[in-house]
Amino acid sequence: MEQVVCHTDELQPGEMMESTLGKHSIVVCRASDGHYYAFLNRCIHQGAPLSKGKLCGAPAPTDNIGEYNFEKDGDILRCPWHGREFDVKNEGRMLVNEKYKVKNFHVTVENNQVIVYN
Amino acid sequence: MIIDTDVHERVLYEELLPYLEQPWRRYIEDCHWIQEKHMPYTQPAVAGVDRADARIPDGRPAGTDLAFMQEQLLNANSHEKAILTGALDPSPSSMHGWYEMATALASAYNNWQIDKWLDQDERLYGSIHIAAQEPQNAVKEIERVGSHPKMVQVLLPIDDKLWGDPYYHPIFEAAQKHNLAIGMHHNEPPLYYGKWPKYFIEWHTLIPTSHMNMITNMVFNGVFDKFPNLKLIMIEGGFTYVPFLMGKMDQQYTDLRHEVPWVKRMPSDIVREQMLFTTQPLESMKKKDFMQIVDQMGSEEIISFSTDYPHWDYDSPVEALPPNLDGDFKKKLFTENARKFYPKF
(Lines give C-alpha, C1' and ligand atoms only; values in the text may rest on other atoms or scores of the structure.)
Protein backbone atom coordinates (compact mmCIF):
# COMPACT_ATOMS: atom_id res chain seq x y z
CA MET A 1 0.00 0.00 0.00
CA GLU A 2 1.05 3.63 -0.38
CA GLN A 3 -0.09 6.72 1.41
CA VAL A 4 0.51 10.45 1.18
CA VAL A 5 1.55 11.52 4.68
CA CYS A 6 2.31 15.22 4.26
CA HIS A 7 3.24 18.04 1.95
CA THR A 8 7.00 18.59 1.66
CA ASP A 9 6.69 22.02 3.31
CA GLU A 10 5.14 20.60 6.46
CA LEU A 11 8.48 19.31 7.69
CA GLN A 12 11.72 21.26 7.80
CA PRO A 13 15.10 19.49 8.00
CA GLY A 14 15.51 18.16 11.53
CA GLU A 15 11.76 17.89 12.16
CA MET A 16 9.52 14.86 12.47
CA MET A 17 5.82 14.11 12.68
CA GLU A 18 3.52 11.31 13.65
CA SER A 19 1.31 9.83 10.93
CA THR A 20 -0.46 6.62 10.04
CA LEU A 21 0.09 4.04 7.35
CA GLY A 22 -2.87 1.71 7.22
CA LYS A 23 -3.21 0.43 10.76
CA HIS A 24 0.34 1.40 11.72
CA SER A 25 1.39 4.50 13.61
CA ILE A 26 4.51 5.78 11.88
CA VAL A 27 6.99 8.59 12.42
CA VAL A 28 8.09 10.62 9.38
CA CYS A 29 11.47 12.31 9.78
CA ARG A 30 13.12 14.90 7.57
CA ALA A 31 16.85 14.54 8.02
CA SER A 32 19.47 17.28 7.88
CA ASP A 33 19.99 16.71 4.13
CA GLY A 34 16.32 17.39 3.44
CA HIS A 35 15.43 13.79 2.65
CA TYR A 36 12.41 12.09 4.20
CA TYR A 37 12.44 8.83 6.14
CA ALA A 38 9.62 6.86 7.73
CA PHE A 39 9.63 4.33 10.56
CA LEU A 40 7.24 2.35 12.66
CA ASN A 41 6.40 4.66 15.57
CA ARG A 42 7.35 2.13 18.19
CA CYS A 43 10.67 1.70 19.96
CA ILE A 44 12.07 -1.82 19.66
CA HIS A 45 12.87 -1.80 23.39
CA GLN A 46 9.58 -1.19 25.23
CA GLY A 47 7.28 0.19 22.56
CA ALA A 48 7.54 3.92 23.33
CA PRO A 49 6.11 6.28 20.68
CA LEU A 50 9.26 7.53 18.94
CA SER A 51 7.50 10.61 17.58
CA LYS A 52 7.41 11.95 21.17
CA GLY A 53 11.20 11.78 21.35
CA LYS A 54 13.67 14.03 19.62
CA LEU A 55 15.26 14.23 16.21
CA CYS A 56 18.71 15.36 17.22
CA GLY A 57 22.38 14.56 16.92
CA ALA A 58 24.80 12.43 18.92
CA PRO A 59 28.45 12.45 19.94
CA ALA A 60 30.49 10.33 17.53
CA PRO A 61 32.43 7.36 18.87
CA THR A 62 35.96 8.49 19.65
CA ASP A 63 39.28 7.06 20.76
CA ASN A 64 39.92 10.06 22.98
CA ILE A 65 38.50 9.97 26.49
CA GLY A 66 36.69 13.21 27.29
CA GLU A 67 36.16 14.20 23.65
CA TYR A 68 32.66 15.02 22.39
CA ASN A 69 32.24 15.38 18.63
CA PHE A 70 28.57 16.15 18.20
CA GLU A 71 27.48 15.08 14.74
CA LYS A 72 24.53 14.02 12.61
CA ASP A 73 22.37 16.82 14.03
CA GLY A 74 18.86 16.16 12.76
CA ASP A 75 19.59 12.55 11.79
CA ILE A 76 19.32 10.73 15.10
CA LEU A 77 15.91 9.67 16.38
CA ARG A 78 16.11 9.49 20.17
CA CYS A 79 13.47 7.53 22.10
CA PRO A 80 11.33 9.61 24.52
CA TRP A 81 11.72 7.10 27.33
CA HIS A 82 15.11 5.43 27.66
CA GLY A 83 16.89 7.66 25.14
CA ARG A 84 18.04 4.95 22.73
CA GLU A 85 19.47 6.38 19.52
CA PHE A 86 18.44 5.33 16.00
CA ASP A 87 20.11 6.64 12.85
CA VAL A 88 17.38 7.66 10.41
CA LYS A 89 19.84 7.74 7.50
CA ASN A 90 21.04 4.22 8.25
CA GLU A 91 17.71 2.38 8.02
CA GLY A 92 16.83 3.24 11.61
CA ARG A 93 19.68 1.19 13.03
CA MET A 94 20.54 1.60 16.70
CA LEU A 95 23.82 3.48 17.22
CA VAL A 96 24.99 1.25 20.04
CA ASN A 97 24.38 -1.95 18.07
CA GLU A 98 23.61 -1.81 14.36
CA LYS A 99 22.17 -5.32 14.43
CA TYR A 100 18.97 -3.82 15.82
CA LYS A 101 16.75 -1.41 13.91
CA VAL A 102 13.36 0.20 13.91
CA LYS A 103 11.22 -1.04 11.01
CA ASN A 104 11.62 1.43 8.17
CA PHE A 105 9.36 2.17 5.19
CA HIS A 106 10.18 3.22 1.65
CA VAL A 107 9.50 6.91 1.01
CA THR A 108 9.26 8.91 -2.20
CA VAL A 109 8.45 12.53 -3.00
CA GLU A 110 6.18 13.23 -5.97
CA ASN A 111 4.67 16.61 -6.79
CA ASN A 112 5.67 17.90 -3.35
CA GLN A 113 3.80 15.07 -1.65
CA VAL A 114 5.64 12.75 0.73
CA ILE A 115 4.49 9.19 0.05
CA VAL A 116 5.19 6.21 2.31
CA TYR A 117 4.98 2.63 1.04
CA ASN A 118 4.45 -0.66 2.84
CA MET B 1 -4.63 -5.53 36.83
CA ILE B 2 -1.60 -3.91 38.40
CA ILE B 3 -0.60 -2.65 41.80
CA ASP B 4 2.15 -0.27 40.72
CA THR B 5 4.57 0.13 43.60
CA ASP B 6 6.44 3.19 42.35
CA VAL B 7 4.69 6.20 40.83
CA HIS B 8 6.22 9.65 41.21
CA GLU B 9 3.87 12.55 41.71
CA ARG B 10 5.54 15.96 41.78
CA VAL B 11 4.63 19.10 43.67
CA LEU B 12 5.35 22.61 42.47
CA TYR B 13 6.69 24.56 45.42
CA GLU B 14 3.95 27.19 45.13
CA GLU B 15 1.36 24.44 45.59
CA LEU B 16 2.70 23.87 49.11
CA LEU B 17 2.07 27.48 50.18
CA PRO B 18 -1.55 26.97 51.33
CA TYR B 19 -0.34 24.13 53.54
CA LEU B 20 2.47 26.04 55.23
CA GLU B 21 2.26 28.28 58.29
CA GLN B 22 4.49 31.30 58.74
CA PRO B 23 7.37 31.71 58.90
CA TRP B 24 7.85 28.71 56.59
CA ARG B 25 5.57 30.01 53.87
CA ARG B 26 7.50 33.20 53.38
CA TYR B 27 10.79 31.41 52.76
CA ILE B 28 9.24 30.01 49.60
CA GLU B 29 6.94 32.92 48.80
CA ASP B 30 9.35 35.79 49.44
CA CYS B 31 12.77 34.18 49.31
CA HIS B 32 12.06 31.59 46.58
CA TRP B 33 13.63 28.86 48.66
CA ILE B 34 14.08 25.50 46.98
CA GLN B 35 15.85 22.49 48.37
CA GLU B 36 19.48 22.19 47.46
CA LYS B 37 20.02 19.78 44.58
CA HIS B 38 23.44 18.46 43.80
CA MET B 39 23.29 16.27 40.73
CA PRO B 40 25.98 17.62 38.42
CA TYR B 41 24.68 15.97 35.27
CA THR B 42 22.55 17.72 32.71
CA GLN B 43 20.19 15.77 30.51
CA PRO B 44 20.52 12.01 30.69
CA ALA B 45 17.54 11.49 28.37
CA VAL B 46 15.38 13.52 25.99
CA ALA B 47 13.58 15.37 28.78
CA GLY B 48 15.98 15.24 31.70
CA VAL B 49 14.93 12.52 34.12
CA ASP B 50 11.36 12.40 32.79
CA ARG B 51 9.71 10.54 29.97
CA ALA B 52 9.49 13.10 27.16
CA ASP B 53 5.86 12.23 26.51
CA ALA B 54 4.93 12.65 30.18
CA ARG B 55 5.40 16.41 30.28
CA ILE B 56 2.07 18.12 30.79
CA PRO B 57 0.94 19.71 27.51
CA ASP B 58 0.72 23.15 29.17
CA GLY B 59 4.42 22.98 29.99
CA ARG B 60 4.33 21.88 33.62
CA PRO B 61 6.79 19.15 34.64
CA ALA B 62 5.88 15.47 34.42
CA GLY B 63 3.94 14.09 37.37
CA THR B 64 2.27 17.37 38.36
CA ASP B 65 -1.21 16.73 36.95
CA LEU B 66 -3.60 14.05 38.17
CA ALA B 67 -5.82 14.04 35.04
CA PHE B 68 -2.81 13.55 32.81
CA MET B 69 -1.50 10.74 34.99
CA GLN B 70 -4.90 9.09 34.95
CA GLU B 71 -5.00 9.19 31.18
CA GLN B 72 -1.41 8.18 30.49
CA LEU B 73 -0.84 5.65 33.26
CA LEU B 74 -3.75 4.61 35.45
CA ASN B 75 -6.45 4.18 32.81
CA ALA B 76 -4.13 3.06 30.03
CA ASN B 77 -2.76 0.13 32.00
CA SER B 78 -5.72 -0.96 34.10
CA HIS B 79 -4.08 0.03 37.35
CA GLU B 80 -5.87 -1.37 40.37
CA LYS B 81 -3.69 0.67 42.72
CA ALA B 82 -0.68 2.94 42.45
CA ILE B 83 1.56 3.91 45.33
CA LEU B 84 2.81 7.47 45.19
CA THR B 85 6.43 7.89 46.15
CA GLY B 86 7.02 11.61 45.61
CA ALA B 87 9.74 13.19 43.53
CA LEU B 88 12.29 13.69 46.33
CA ASP B 89 11.93 17.42 45.71
CA PRO B 90 11.45 18.46 48.36
CA SER B 91 12.88 15.55 50.31
CA PRO B 92 12.64 16.63 53.94
CA SER B 93 14.73 13.75 55.28
CA SER B 94 17.54 14.67 52.88
CA MET B 95 17.91 18.25 54.08
CA HIS B 96 21.38 18.82 55.46
CA GLY B 97 20.24 21.41 57.95
CA TRP B 98 17.24 23.44 59.09
CA TYR B 99 15.28 20.43 60.33
CA GLU B 100 12.45 22.67 61.53
CA MET B 101 11.80 23.71 57.95
CA ALA B 102 12.07 20.06 56.90
CA THR B 103 9.44 19.10 59.46
CA ALA B 104 7.07 21.83 58.25
CA LEU B 105 7.62 20.81 54.63
CA ALA B 106 6.88 17.17 55.41
CA SER B 107 3.53 18.04 57.00
CA ALA B 108 2.62 20.39 54.17
CA TYR B 109 3.53 17.75 51.61
CA ASN B 110 1.43 15.09 53.32
CA ASN B 111 -1.61 17.37 53.48
CA TRP B 112 -1.18 18.37 49.84
CA GLN B 113 -0.79 14.72 48.83
CA ILE B 114 -3.98 13.73 50.64
CA ASP B 115 -5.99 16.65 49.23
CA LYS B 116 -4.81 16.63 45.66
CA TRP B 117 -4.14 12.97 44.99
CA LEU B 118 -5.30 10.41 47.57
CA ASP B 119 -8.76 11.94 48.01
CA GLN B 120 -9.18 12.45 44.26
CA ASP B 121 -8.68 8.94 42.91
CA GLU B 122 -9.50 5.75 44.76
CA ARG B 123 -6.63 3.90 43.09
CA LEU B 124 -3.95 6.14 44.59
CA TYR B 125 -2.18 5.32 47.85
CA GLY B 126 0.41 7.46 49.56
CA SER B 127 3.75 7.68 51.32
CA ILE B 128 4.17 9.66 54.51
CA HIS B 129 6.99 12.16 54.17
CA ILE B 130 8.89 12.89 57.36
CA ALA B 131 11.94 14.78 58.50
CA ALA B 132 13.75 11.78 59.92
CA GLN B 133 16.74 13.78 61.15
CA GLU B 134 14.75 14.44 64.32
CA PRO B 135 12.98 11.17 65.05
CA GLN B 136 10.72 12.61 67.77
CA ASN B 137 9.21 15.08 65.29
CA ALA B 138 9.04 12.42 62.61
CA VAL B 139 7.07 10.23 64.99
CA LYS B 140 4.63 13.10 65.61
CA GLU B 141 4.00 13.34 61.88
CA ILE B 142 3.48 9.59 61.60
CA GLU B 143 1.03 9.81 64.52
CA ARG B 144 -0.74 12.72 62.80
CA VAL B 145 -1.37 11.13 59.39
CA GLY B 146 -0.54 7.46 59.95
CA SER B 147 -4.14 6.44 60.43
CA HIS B 148 -5.22 7.87 57.10
CA PRO B 149 -6.59 4.80 55.31
CA LYS B 150 -4.68 5.51 52.12
CA MET B 151 -1.28 6.22 53.64
CA VAL B 152 0.49 2.86 53.34
CA GLN B 153 4.13 3.58 54.06
CA VAL B 154 6.67 5.97 55.54
CA LEU B 155 9.17 7.19 52.98
CA LEU B 156 12.88 7.39 53.74
CA PRO B 157 15.47 8.47 51.19
CA ILE B 158 18.64 6.49 50.71
CA ASP B 159 21.06 9.33 51.11
CA ASP B 160 23.94 9.95 53.49
CA LYS B 161 22.33 8.59 56.66
CA LEU B 162 22.04 4.93 57.56
CA TRP B 163 18.57 4.58 59.03
CA GLY B 164 19.22 1.32 60.87
CA ASP B 165 20.97 3.15 63.71
CA PRO B 166 18.99 2.84 66.96
CA TYR B 167 18.68 6.64 67.03
CA TYR B 168 16.06 6.28 64.27
CA HIS B 169 14.21 3.28 65.70
CA PRO B 170 11.30 5.35 67.07
CA ILE B 171 10.34 5.88 63.41
CA PHE B 172 10.11 2.14 62.84
CA GLU B 173 8.19 1.65 66.07
CA ALA B 174 5.62 4.24 64.98
CA ALA B 175 5.37 2.75 61.49
CA GLN B 176 4.78 -0.73 62.85
CA LYS B 177 2.19 0.60 65.27
CA HIS B 178 0.21 2.21 62.44
CA ASN B 179 0.48 -0.74 60.04
CA LEU B 180 2.72 1.27 57.76
CA ALA B 181 5.54 -0.20 55.73
CA ILE B 182 8.85 1.62 55.32
CA GLY B 183 9.57 2.57 51.73
CA MET B 184 13.13 3.44 50.81
CA HIS B 185 14.10 5.16 47.58
CA HIS B 186 17.55 6.43 46.67
CA ASN B 187 18.07 10.15 46.56
CA GLU B 188 21.73 10.94 46.64
CA PRO B 189 23.06 7.51 47.28
CA PRO B 190 26.14 6.87 49.33
CA LEU B 191 27.94 5.20 46.49
CA TYR B 192 31.31 6.30 45.22
CA TYR B 193 32.37 7.08 48.76
CA GLY B 194 29.56 9.61 49.22
CA LYS B 195 30.50 11.56 46.14
CA TRP B 196 29.07 11.84 42.66
CA PRO B 197 30.93 9.84 40.03
CA LYS B 198 32.04 11.58 36.88
CA TYR B 199 29.20 10.32 34.69
CA PHE B 200 25.48 9.77 35.17
CA ILE B 201 25.85 6.31 33.65
CA GLU B 202 28.20 5.31 36.48
CA TRP B 203 25.80 6.57 39.14
CA HIS B 204 22.78 4.97 37.52
CA THR B 205 24.52 1.64 37.01
CA LEU B 206 25.45 1.37 40.66
CA ILE B 207 22.26 2.58 42.36
CA PRO B 208 21.62 -0.96 43.65
CA THR B 209 24.79 -0.70 45.73
CA SER B 210 23.18 2.08 47.76
CA HIS B 211 20.20 -0.19 48.38
CA MET B 212 22.60 -2.93 49.47
CA ASN B 213 24.23 -0.55 51.93
CA MET B 214 20.89 0.22 53.50
CA ILE B 215 19.57 -3.35 53.65
CA THR B 216 22.80 -4.56 55.27
CA ASN B 217 22.66 -1.71 57.76
CA MET B 218 19.02 -2.35 58.67
CA VAL B 219 19.51 -6.10 59.09
CA PHE B 220 22.64 -6.00 61.23
CA ASN B 221 21.44 -3.12 63.37
CA GLY B 222 18.66 -5.44 64.44
CA VAL B 223 15.70 -3.44 63.12
CA PHE B 224 13.80 -6.51 61.98
CA ASP B 225 14.35 -8.46 65.19
CA LYS B 226 13.22 -5.51 67.27
CA PHE B 227 10.19 -4.86 65.02
CA PRO B 228 9.14 -8.29 63.75
CA ASN B 229 6.04 -6.98 62.00
CA LEU B 230 7.84 -4.17 60.21
CA LYS B 231 7.90 -4.35 56.42
CA LEU B 232 10.54 -2.72 54.21
CA ILE B 233 10.09 -2.08 50.50
CA MET B 234 13.16 -1.13 48.49
CA ILE B 235 12.00 1.07 45.64
CA GLU B 236 13.66 1.51 42.26
CA GLY B 237 16.77 -0.51 42.90
CA GLY B 238 15.56 -3.53 40.94
CA PHE B 239 16.01 -7.03 42.37
CA THR B 240 18.75 -8.80 40.46
CA TYR B 241 21.27 -7.98 43.18
CA VAL B 242 19.20 -9.59 45.91
CA PRO B 243 20.39 -13.23 45.60
CA PHE B 244 23.99 -12.09 45.88
CA LEU B 245 23.28 -9.97 48.96
CA MET B 246 21.28 -12.71 50.67
CA GLY B 247 24.11 -15.20 50.19
CA LYS B 248 26.76 -12.74 51.26
CA MET B 249 24.92 -11.66 54.41
CA ASP B 250 24.20 -15.28 55.34
CA GLN B 251 27.81 -16.24 54.95
CA GLN B 252 29.01 -13.26 56.97
CA TYR B 253 26.41 -13.88 59.66
CA THR B 254 27.46 -17.51 59.92
CA ASP B 255 30.99 -16.39 60.76
CA LEU B 256 30.40 -13.10 62.56
CA ARG B 257 27.12 -13.55 64.44
CA HIS B 258 28.98 -12.85 67.70
CA GLU B 259 29.35 -9.20 66.68
CA VAL B 260 25.59 -8.73 66.26
CA PRO B 261 24.00 -11.13 68.74
CA TRP B 262 20.70 -9.23 68.54
CA VAL B 263 20.21 -10.65 65.05
CA LYS B 264 18.49 -13.99 65.55
CA ARG B 265 17.57 -15.17 62.09
CA MET B 266 19.56 -15.81 58.96
CA PRO B 267 19.60 -12.55 57.01
CA SER B 268 18.11 -14.23 53.95
CA ASP B 269 15.13 -15.29 56.09
CA ILE B 270 14.72 -11.70 57.27
CA VAL B 271 14.75 -10.56 53.66
CA ARG B 272 12.14 -13.12 52.64
CA GLU B 273 9.91 -12.46 55.64
CA GLN B 274 9.99 -8.69 55.87
CA MET B 275 11.07 -7.15 52.56
CA LEU B 276 9.76 -6.49 49.09
CA PHE B 277 11.66 -5.25 46.02
CA THR B 278 10.25 -3.28 43.12
CA THR B 279 11.26 -4.63 39.73
CA GLN B 280 12.10 -1.45 37.83
CA PRO B 281 14.52 -0.73 36.23
CA LEU B 282 14.50 -4.17 34.67
CA GLU B 283 17.42 -5.47 32.70
CA SER B 284 16.39 -7.20 29.48
CA MET B 285 16.15 -10.85 30.39
CA LYS B 286 14.85 -14.08 28.95
CA LYS B 287 12.29 -15.96 31.01
CA LYS B 288 14.89 -18.57 31.98
CA ASP B 289 17.30 -15.94 33.34
CA PHE B 290 14.54 -14.05 35.13
CA MET B 291 13.18 -17.15 36.84
CA GLN B 292 16.68 -18.28 37.79
CA ILE B 293 17.07 -15.11 39.87
CA VAL B 294 13.66 -15.62 41.44
CA ASP B 295 14.66 -19.19 42.26
CA GLN B 296 17.89 -17.98 43.88
CA MET B 297 15.88 -15.66 46.14
CA GLY B 298 14.00 -18.70 47.39
CA SER B 299 10.67 -16.97 47.07
CA GLU B 300 8.30 -15.86 44.34
CA GLU B 301 6.74 -13.42 46.73
CA ILE B 302 9.31 -10.69 47.36
CA ILE B 303 9.27 -8.80 44.08
CA SER B 304 6.55 -6.50 42.86
CA PHE B 305 6.08 -4.77 39.53
CA SER B 306 6.67 -1.03 39.32
CA THR B 307 6.69 1.42 36.44
CA ASP B 308 8.55 4.40 37.93
CA TYR B 309 6.19 6.62 35.95
CA PRO B 310 6.85 9.34 34.76
CA HIS B 311 10.60 8.94 34.73
CA TRP B 312 12.80 8.30 31.71
CA ASP B 313 13.60 4.73 32.70
CA TYR B 314 9.92 3.79 33.03
CA ASP B 315 9.11 0.08 32.67
CA SER B 316 6.07 -0.72 30.58
CA PRO B 317 3.79 -3.33 32.18
CA VAL B 318 3.30 -5.00 28.80
CA GLU B 319 6.80 -4.73 27.37
CA ALA B 320 9.40 -4.80 30.12
CA LEU B 321 9.06 -8.36 31.42
CA PRO B 322 10.20 -11.46 29.56
CA PRO B 323 7.38 -12.96 27.51
CA ASN B 324 5.57 -16.11 28.58
CA LEU B 325 5.97 -15.83 32.33
CA ASP B 326 3.62 -18.26 34.05
CA GLY B 327 0.17 -16.92 34.83
CA ASP B 328 0.20 -17.58 38.57
CA PHE B 329 3.61 -16.02 38.93
CA LYS B 330 2.60 -12.96 36.91
CA LYS B 331 -0.39 -12.49 39.17
CA LYS B 332 1.91 -12.48 42.19
CA LEU B 333 4.25 -10.06 40.49
CA PHE B 334 1.60 -7.62 39.34
CA THR B 335 -0.77 -7.62 42.31
CA GLU B 336 -0.67 -10.33 44.96
CA ASN B 337 2.82 -9.82 46.36
CA ALA B 338 2.13 -6.14 47.02
CA ARG B 339 -1.31 -6.95 48.40
CA LYS B 340 0.20 -9.43 50.82
CA PHE B 341 3.10 -7.17 51.74
CA TYR B 342 1.33 -3.95 52.70
CA PRO B 343 -0.38 -4.32 56.07
CA LYS B 344 -3.13 -1.92 54.97
CA PHE B 345 -4.07 -3.81 51.79
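User: Hi! Before we dig in, when does a residue count as buried, exposed or partly exposed here?

Analyst: Happy to start there. A residue is buried if 20 or more other C-beta atoms lie within 10 Å of its own, exposed if 12 or fewer, and partly exposed in between. One thing to keep in mind is that this is a predicted model.

User: Thanks. So is B:S78 buried or exposed?

Analyst: B:S78 has 10 other C-beta atoms within 10 Å, so it is exposed.

User: And what is its phi?

Analyst: B:S78 has a positive phi of about 55°, although it is not a glycine. For background, most residues other than glycine have a negative phi.

User: Where does B:S78 lie?

Analyst: In chain B, B:S78 sits in the loop that runs between α3 (66-74) and β2.

User: What about B:W98, what phi does that one have?

Analyst: B:W98 is not a glycine, yet its phi is positive, at about 55°. You will find B:W98 in the loop between β2 and α4 of chain B. B:W98 counts as partly exposed because it has 15 C-beta neighbours inside 10 Å.

User: While we're on backbone geometry, which residues does a cis peptide bond join in chain B?

Analyst: One cis peptide bond joins B:D89 and B:P90, with omega about 5°. Another joins B:Q280 and B:P281, where omega is about -5°. In general, most peptide bonds are trans.

User: Where do those prolines lie?

Analyst: B:P90 is in the loop between β2 (79-84) and α4 (99-118) of chain B. B:P281 is in the loop between β7 (275-278) and α12 (287-297) of chain B.

User: Zooming out, how many helices and strands does chain B have?

Analyst: Chain B has 13 helices and eight strands. Its radius of gyration is 19 Å, close to the 20 Å that the globule rule gives for 345 residues, so chain B is as compact as a globular protein of that length.

User: What does the C-alpha trace span, and what share of chain B is buried?

Analyst: Along its principal axes, the C-alpha trace of chain B spans about 55 × 45 × 45 Å. Of its 345 residues, 46% count as buried.

User: And what share of the contacts comes from residues 24 or more positions apart?

Analyst: Taking the contacts in chain B with a separation of 6 or more, residues 24 or more positions apart account for 80%.

User: Let's switch to chain A. In what order do the sheet strands come?

Analyst: Chain A has an open sheet of six strands, in the order β1-β11-β10-β4-β3-β2, with antiparallel pairing. The edge strands, each pairing on one side only, are β1 (2-7) and β2 (16-21). From one strand to the next, the twist averages 30°.

User: How many bridges join β2(A) to β3?

Analyst: Six bridges join β2(A) to β3 (residues 24-30) of chain A, and the two strands run antiparallel. Among the facing residues, A:L21 stands opposite A:H24, and A:S19 stands opposite A:I26.

User: What happens at A:G22 in that hairpin?

Analyst: The hairpin of β2(A) and β3(A) has two residues between the strands, and A:G22 takes a positive phi near 60° there.

User: Last one: how many residues of each chain are in contact across the interface?

Analyst: 11 residues of chain A are in contact with 12 residues of chain B. The side of chain A that touches chain B has three nonpolar, five polar and three charged residues.

Methods:
Residues are numbered from 1 along each chain as its sequence is written. Chains are lettered from A and ligands numbered from 1 in the order in which they are written. This is a predicted model: local features need pLDDT of at least 70, side-chain atom pairs count only at pLDDT 80 or more; totals for chains, interfaces and linings use all residues. Two strands pair if DSSP finds at least two bridges between them. Helices (H or I, at least four residues) and strands (E, at least two) are DSSP runs, numbered from the N terminus. Axes are lines fitted to C-alpha atoms, for helices over the stretch in contact, and angles run from 0 to 180 degrees between N-to-C directions. Two residues are in contact if their C-beta atoms, placed from the backbone, lie within 7 Å. Ala, Val, Leu, Ile, Met, Phe, Trp, Tyr, Cys and Pro count as nonpolar, Asp, Glu, Lys and Arg as charged, and the others, Gly among them, as polar. The radius of gyration is taken over C-alpha atoms; the globule rule is 2.2 Å times the number of residues to the power 0.38.
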